[in-house]
Amino acid sequence: MTAAATRRTDRSDRRISPVFLGIAAVTGVSGWAVWTDFAAQPGLAVFLFVTGAWIVSLCLHEYAHARTALHSGDISIGAKGYLTLNPLKYTHALLSIVLPVIFVIMGGIGLPGGAVFIERGRIRGRWRHSLISAAGPLTNVLFAVVCTAPFWLDALDGVPDTFRYALGFLALLQVTAAILNFLPVPGLDGYGVIEPWLSQGIRRQVEPFAPFGLLAVFGILWIPGVNEVFFDAIHAILRSLGVTDWDTYWGQEFYRFWQGTPEIPVVTQ
């Protein structure tokens, strides 16, 4: 292959995918519909906006893993299509896109799953391995900061209530995604952060459980007592950032458009 052909291939490996641009466009249009109250069914607009923004964050989560791996020595990342932000290029679209969206619909839980295949043998240094794993959930932290910024900056004057609720619910998803992914559970990024520092024997013992870590965490969160404690902690974090339980509750109610448009009670002083 000539040098010119190689450069063209490199550019195509990094060109943003039309699939991602389409998802981003749906997110933008539905967000506009929520903001302007243009949609006849505000719940459907909220659903499309939050789901679209959630998938965008999942793509950027995986992109952060891939980009960090590329700069750490895995030059095979580009050829796999991970730098195009195309969710269909992930090694396991079910874990990266489908299951996380189902988790959101079923329980309002933001739980992305890792699906970028990284050739770890190309990477030298434990710190680099840890950083690659941390890059994904750190993207969710950044998303959470952006989503909550209007709340903690007290910049919500003139923001329509429905859009505020949608933003509050999206912030909840990002905070839960960041915290859950940082858990040191096999199969999650938190374990990937500490794995390079574990002995070879421990890693061999833990390895068979990695495929089940994600489902195990989700199953444990269905235990009422655990779920209550977990979400109490999440809401405490959100309240410290200016996002109230009222915001997240009504955001989730609007998101579940199939239940009908919620009637928000009038609060009197």
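Where is Asp154 found? Asp154 sits in the loop between helix 5 and helix 6, and point 3 below comes back to this residue.

A word on the ground rules for these notes. This is a predicted model, in which local features need pLDDT of at least 70 and side-chain atom pairs count only at pLDDT 80 or more, while totals for chains, interfaces and linings use all residues. Residues are numbered from 1 along each chain as its sequence is written, and side-chain values use heavy atoms, with hydrogens and water left out.

1. **The nonpolar core.** A core here is a set of buried Ala, Val, Leu, Ile, Met, Phe, Trp, Tyr and Cys residues joined through side-chain atoms within 4.5 Å. Buried stands for under 20% relative accessible area, exposed for over 50%, and partly exposed for values in between (1.4 Å probe, protein chains only). The largest such core has 65 residues, and Val50, Ile77, Leu111 and Leu173 touch the most other members. Elements giving two or more residues to this core include helix 2 (18–36), helix 3 (42–72), helix 5 (126–152) and helix 6 (161–181). Helix 3 gives the most, with 14 residues. Helices (H or I, at least four residues) and strands (E, at least two) are DSSP runs, numbered from the N terminus.

2. **Ile77 and its neighbours.** Contact means heavy atoms within 4.5 Å. Leaving aside residues up to four places away in sequence, Ile77 touches Ala66, Ala69, Leu70, Tyr82, Leu83, Val116, Phe117 and Ile118.

3. **Two positive phi values.** Most residues other than glycine have a negative phi. Leu85, in the loop between helix 3 and helix 4, has a positive phi near 65°. Asp154 also has a positive phi, of about 55°, although it is not a glycine. Are these residues buried or exposed? Leu85 counts as buried, at 7% relative accessibility, whereas Asp154 is exposed, with a relative accessible area of 65%.

4. Asp74 lies in the loop between helix 3 and helix 4 and counts as buried because its relative accessibility is 0%. Its side chain makes a polar contact with the side chain of Ser76 (2.5 Å). A polar contact is a pair of N or O atoms within 3.5 Å; within protein, one must be able to donate a hydrogen and the other to accept it, and residues adjacent in sequence count only if both atoms are side-chain atoms. Not counting residues up to four places away in sequence, Asp74 touches Ala69, Ile118, Glu119, Arg122 and Ile123.

5. **The cavity.** On a 1 Å grid over the protein atoms alone, a cavity is a set of points where a 1.4 Å probe fits but cannot get out, and lining residues have an atom within 4 Å of a point. Grid points are joined across faces, edges and corners, and a volume is the space filled by probe spheres set on the points. The structure holds one cavity of 30 Å³ or more, and the largest cavity has a volume of about 40 Å³. Ala33, Val34, Asp37, Phe38, Ala39, Pro42, Ala45 and Thr162 line the largest cavity, with helix 2 and helix 3 each supplying at least two residues.

Note on methods:
On a 1 Å grid over the protein atoms alone, a cavity is a set of points where a 1.4 Å probe fits but cannot get out, and a pocket is an open set with protein on both sides within 12 Å along at least five of seven lines; lining residues have an atom within 4 Å of a point.
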